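Open your viewer and get ready to select a few side chains. We will go one stop at a time.

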Amino acid sequence: SDGWVLSPEEMDGPSSYPFMAICALVRSDRSQHESWKLETAQRAYAAYSRKWLEQKQLGSIGWLVRAGVELYGATKDKGTAEFVLGVCDGLSGLQYDKLDPRRPGYFGGFRNWNSAGQVLEHRLRGILCHARRFSATNR
């Protein structure tokens, strides 16, 4: 990848697998409820979202958000919702929002992830800390 366009392998590659599995667990729980499914999904999402913050792999962000949305839908955990909304807000802040006549195809796309990811990381770390405090006080 050149940093601007992700290949399908990068989008659905190994960094996305944990989030795909979390989606599957949550969906499975809808059709055949067993308490271990949501408990496992919540623990996994907490662990893998922290790992994602360390590595900031753009290819897995779609599945990160999807898993968080699915999990929130099942648990109504506000910490999960705040984290997902923070990821989305952070991403929107990384978009090209001014049309550059020299590069019209960049409009709406994302800035170089390596440098822009530092901005997102700072914002998400604060959100994650807040989400942990919220979850700890609401158990």
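Start with Arg30, which is exposed, at a relative accessible area of 55%. Keep in mind that this is a predicted model.

The side chains of Arg30 and Glu70 form a salt bridge, with 2.3 Å from N to O.

Is Glu70 buried or exposed? Glu70 counts as buried, because its relative accessibility is 8% and the cut-off for buried is under 20%.

Next, select Arg27. Arg27 also makes a salt bridge with Glu70, and their closest N and O atoms are 3.0 Å apart. Color the two helices to see the link: Arg27 belongs to helix H2 (residues 17-31), and Glu70 belongs to helix H4 (residues 61-75). The two residues are 43 residues apart in the chain. Arg27 is partly exposed, with a relative accessible area of 42%.

Move on to Arg66. Its side chain meets that of Glu70 in a salt bridge, at 3.2 Å from N to O. Here both partners lie in helix H4. They are four residues apart, about one turn of the helix. Arg66 counts as partly exposed, at 39% relative accessibility.

Finally, show the whole group together. Which residues does the network of salt bridges link? Arg27, Arg30, Arg66 and Glu70. The count of salt bridges comes to three.

Methods: Residues numbered from 1 in each chain as written. Predicted model: local features only at pLDDT ≥ 70, side-chain atom pairs only at ≥ 80, totals over all residues. Heavy atoms only, no water. Salt bridge = Lys/Arg side-chain N within 4 Å of Asp/Glu carboxyl O. Buried < 20%, exposed > 50% of the residue type's maximum accessible area, 1.4 Å probe, protein only.
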